[in-house]
Every structure is written in structure tokens, then in C-alpha cells.
Amino acid sequence: MSSLPNKHESAMTVSRDTLLGLNDYSIRKLYSHELQQRICELEQANAALRSKLQEHEQTQRALEASEACRIRVFESSLIPIIVMDYETLRFIDCNRAAAKIFRLPSVADTLHKTLIDISAPFQYDGTSSQEKMHAYIQQAFLHGEVIYEWRHQRPDGELWDGEVQLMTFQAGNRYLLQFTLRDITLRKRYELQLQHLATHDELTGLANRTLLLDRLDHCIHLAHRASQMVAIFVMDIDRLKVVNDSLGHSCGDQLLCAIASRLRKQFRQADTLACMGGDKFVVVLSDVHDIDQVLHVAGKINTFFEQPFPTDSHEVTVSASTGVAIFPNDSREPEQLLRNADLAMARSKKLGGNMLTFYSPEMNQRIFETLELENGIRHALQREEFRLYYQPKVDIKSGKIIGCEALLRWEHSKRGLISPLEFIPLAEETGLIVPLGSWVINEAMRQGQLWQQQGLPPIDIAINISPRQFRQGNLLNIMKEGIRRSGIDPCRLELEITESVIMDEPEKACHTMRELKQLGIRLSLDDFGTGYSSFNYLRKLPVDALKIDKSFINDVTTDSSGASIVASIIGIAKNLGLQAVAEGVEHFDQLYFLVGCECDSYQGFLFSKPIPADEFTTLLKNSK
Ligand code: C2E
Ligand code: CA
Ligand code: CA
């Protein structure tokens, strides 16, 4: 049997022997079969190719449709999109929304623009846009994408704020930048308004404490690098309360605004001006090369308040207490520098106001000592280190002890006996006088009742009441409770009040005094003659005695005017039906003078210094 080429053999591989053994018919038959098969195969391949081609055409059409769609989406998107060349920063393409946001008539108008053309010259932190944008582009290259806020500028110069998403991509061998923008002008405006509110004084619009410290920190940093100085002036308006009380708060507010406005006019833009709420203004001078510059400004501040300030209803003249501290001498820390200027200001205030004081390290030392003293007073109360000494009050006619004044002493474990002059003013300032004063009241009553129980001659006890104690409101209750607890007869008690306390708020003071008198207590005006008593009020005051101040008694024998003052005070007391008590009598000739003027009683070293309770008991026993 002839062997036919199998399916895998081509016609050409039919062997010569096979061919020789075949006739024409057989050959034709053999090849026609082969051909049929080939044709069939070719047709199949052709069909497959055609289907592939169709598929390709379909894909191509789909791609074209998608591209058209993409272009349409890009062009019609409401989100502004721009494509730029990385090298030149020139626009390559952008959509209509982008042209619109830049206020350009068409997309074509944008194509000759660059990123610089649409940016504001400077960004929020003051850096030039050119410098800043390169930093962002580098970041985008590093991370593929960066989002940031950018200050833009329109062709007419109008500034607007945008949030930018910047991406980088490669097209062929070209690097491109894609910007997507969002207008955030409104949000930014609100943000800035909020930021302004958080960093500025609401009334005057000047920087507040937060911004002041921030700027001060910045100034110190720059001054440190340039070996320069920074000076800080703290000005506290003197007696603004008087303006508020007499002319009204609205006038006070207008005054503060007028001061702020004058400050703005008289200082450089580079100087920071702040208002720390209330009536405290601050000026920070940067770029200070020498102390003369500071002195020049100090002179300027001294004359700053000379001219009156206009308000709607009045021209108001005020003064200020000013304190100055300088970097690096007075501190290198912003907060400490401000605190030191504050201390210097407080010193100006203490010395009467309307003056300027430079900070000195002793001020800090004084504050430290004050704090120590304040703590000491608290502990002394707990440790019962306070004592009452008693100074006899002597009747001038009979020479007998008719009373005493209770005077406070602090028996300090290390320092010995401390005078009240050293700690009473601080106790008054800190409010510690209230518990301390209550202790004095109760202790004096306890001692007075004890003397009565011991059968000693009845004497009056005078207790000093400080201004704060008097105004505190519960003095009446403290007195009532003390009288109840000690059992002392209230007619033996006298409270010494200074005239300044009464003159501050005469009506209120009179009311309190009347309430106290209803308890049966007597009242006297201490240090009489040193304050500004109005004789008109004196007539109405429910007081029983005037205590003539030691300073007048000192002069009665050496100075004729001193003598006539004392004689007049005694005359006034007599006219008003009050007792006259002379304080600080040290010499006989002073006593003779008082006898001549018919003064009622006296206290002083001539008879006795203030002495402890047991010594006073002996004195009373002996006088009996
Ligand atoms: P003051 O009320 O004017 O008391 C009279 C002061 O003059 C007392 O000083 C007394 O020791 C002193 N003195 C009396 N006679 C003479 C004298 O002949 N010559 C001289 N040079 N001085 C004389 P002290 O005890 O040092 O008290 C000073 C001030 O402290 C008192 O002045 C009073 O304002 C205040 N003080 C004393 N104790 C208390 C208290 O318990 N409460 C309050 N709030 N203040 C008190
Ligand atoms: Ca007194
Ligand atoms: Ca006195």
C-alpha cells in the first residue's frame, strides 16, 4: 500500500519513490486532498484575522470615544485644571473653569501665561511666590502630589486665595505639572478674621498679649543674631477708673482708642504696639543699636500724654506709669522681659504715677522678699506668732490711764519682734489683713474682758481697723460675734478708722459706722489731719474722737504753724462735741502745750511705749 503523506508532512516531503510509484490520477487525487485541506486552513486563519481586525477597530473606536469623552470632561469640568511645562512653567493646556477663575476671556488667552503671571508677588508668610513655588514643585516631584494654599492675582490686580493640588507626570520625554484649583478666598477671609480676633485687642485693634509675645520672641531672635537690643515699654494709664466713673465707660473706651490711634501715628510700622486689655499699652522697639535710641523713645513717651485725647464729649488728659526693660540686659526670655517691664511700671505707679522707670534687678529681689513676707504672715497666723501690745491712753486732767490702744507685733522665730509698719501694708494689699484683723479684734476683746474680770479699773480698748477690713462688709458680724464670745461690754470698745477710708465712699462709710455704733461701740478718726477730710462730712460722721497725728505733735514746740494746727484740731473737736486725743507725746513741753489747749487725752512714749499684756496688767494694778 502506498503511504500517503501524513497530516504533518507537507506535499514537498512526499518521497521520490512514492511519486515514482504513482500515476497522474493518483497524484492529482493526492494533491487535491492536500489543497483542500490547506484552503480550509487558510480560510480559518483568514476568518480569525478578520475577527481580530474587527475587534481592533472596535477598540480603536472605543478609545476615540473615550478620548473625546475625557477632553469633554476636562473642558467642561467645573474644577479648574491647568497643565504646565515643568521647565518654563508655561501653560500647555487648561480648561474653561481655569480661564474663568483667572478672569481670562478664553482658554486661548491662558496659553501664553506662566505660573508667575497668576500668582501674587508674595505669599502669606511674606516669602516671594517665585521662591515658594519651587519648593512646592520639588515636593511634588518627591511625593508625586502636594496640596497647599496659594495667594493668586488676577490681571486687574485683585488677589484671591486658592487651594492647589499639584501633581507631576511624564509625557514622552517631557515633565509636566498638573494643577487643580479651588477658590478658598471666603474661607481664608474668615480664617484671617478669626486669627485677627484671636491675636488682637477687640477695642483698640492693637496686638494682644499672645501676638505681642510672639512678636517679642521674633524680635529677640533677630536682635540676638544681629547683636542688637530690643526695648519693651509698658504703659499703664493712671486713674482710668476716675474717667470711667465720672465720664462714663463709653468715654473711657473712646479714650483708649484715641491713645491707640496716637500710638500708631507716632511709632514706626516695624515697632509692635499692643494693648493688654484694660488700660495697659505696650511698645516693642526692635532694631535698637544703642541705648540713645531707647532714651529718645523714653523722652517721646514722656511727652506722649501731654496733649489731651479727643472723645465724643470731652477732651481728656491722662498720664501713664511706664516701665522699660531691655534685651539682652534685663532678660533673654520674652515672658520674663515683659514681666520685668511690668515690675518697672508698677514701681512708677507706686511712686505716684506719671513717670517712667527702667527695670533693675533689685525689683525682682523686692518681689521675692514680698512673696516671702506674704508666706511668712500666713504661717505666723497658723503658728500663733502674733502678739498684741498695749499703749496706755492717759486723761490729761487727771493723769489717769483711761484706756489703751492695741498694737500688733509679730514675734518672728528668727528675726525677733517685727513692727506692724513692715507687714501691715502687705497684709492689706494681699487681703491677709482680714483674718489677721479678726484675730486682733478677738484677742483684744478677750484681754479686755480678762482685765475686767480681774477687777482692774475699767478701761477702754482701741482697735485699729484697716481700710480693707472696714470695707470688707462682715466687720459688723465679726464685732457682734466677738462681743458675744468674750462677754465684754461694747461700751469699752473703740475702733480707730483712718479718714481716707471714709472719704473714698463717704455715704457707704457712714452707713457702716452707724451700724457699728448701734452695737454700742465708739469710733475715732485715726491720724487726723493727714488726709483730706471734708469738714462738711466731719459734721455728719458718727465719730466720738479725733486722734491728732504724731507728726503734728512733733512740731508743737518747735514750729508755730505746727502749734496752730494742733490748737485748731482741738478747737474743731470741741466744736463738734468730739474727744481730742494726741498721739506720740514724747516730751513734757508737748504735754504742757496740750494742757493749754485743753486736749482731752494723750498717748506717747512720755507715759509709756506699747507694752505686752502682762506688763500692762502690772501698770494697771499699780495705778489702782
Ligand atoms: P497708729 O495707729 O498711728 O499707731 C501709733 C503708732 O505710734 C504705734 O506704732 C506706736 O507704737 C507709735 N507711737 C506711740 N507713741 C509714740 C511716741 O511717743 N513716739 C513715737 N515715735 N511713736 C509712738 P506701731 O505700733 O509701730 O504701729 C504702727 C502702725 O501700724 C499703727 O499706727 C497702725 O496704723 C498700724 N497698726 C498697728 N497695729 C495694728 C492692727 O492691729 N491693725 C491695723 N489695721 N493696723 C495696725
Ligand atoms: Ca491707731
Ligand atoms: Ca495714729
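Start by selecting helix H12 (361–382), which gives the largest share of the lining of the second largest pocket, 10 residues; helices here are DSSP runs of H or I with at least four residues, strands are runs of E with at least two, and both are numbered from the N terminus. The model is a predicted one, in which local features need pLDDT of at least 70 and side-chain atom pairs count only at pLDDT 80 or more, while totals for chains, interfaces and linings use all residues. Residues are numbered from 1 along each chain as its sequence is written, chains are lettered from A and ligands numbered from 1 in the order in which they are written, and side-chain values use heavy atoms, with hydrogens and water left out.

Next, move to the largest pocket, whose volume is about 1,100 Å³. Of its 37 lining residues, select Glu405, Leu407, Pro420, Leu421 and Asn464, the closest to its centre; the elements that give two or more residues to this lining include strand E14 (401–412), helix H13 (420–430) and strand E18 (522–528).

Now select the calcium ion (ligand 3), together with Asp526, Asp527 and Glu583, which coordinate it at 2.2 to 2.6 Å; donors are N, O and S atoms within 2.8 Å of the metal (3.2 Å for Na, K and Ca), and because water is not among the atoms, sites may look incomplete. Along the chain, the donors of the calcium ion (ligand 3) follow the spacing D-D-x55-E. Asp526 is buried, with a relative accessible area of 7%, whereas Asp527 is partly exposed at 26%; buried means under 20%, exposed over 50% and partly exposed in between, for a 1.4 Å probe and protein chains only.

Finish at Lys547, in strand E19 (residues 545–548), which is buried with a relative accessible area of 1%. Not counting residues up to four places away in sequence, Lys547 touches residues including Asp526, Asp527, Glu583 and Glu405, where contact means heavy atoms within 4.5 Å.

Definitions and conventions:
1 Å grid on protein atoms, 1.4 Å probe; cavity = no way out; pocket = protein on both sides within 12 Å on 5 of 7 lines; lining within 4 Å. Points joined across faces, edges and corners; volume = space filled by probe spheres on them.
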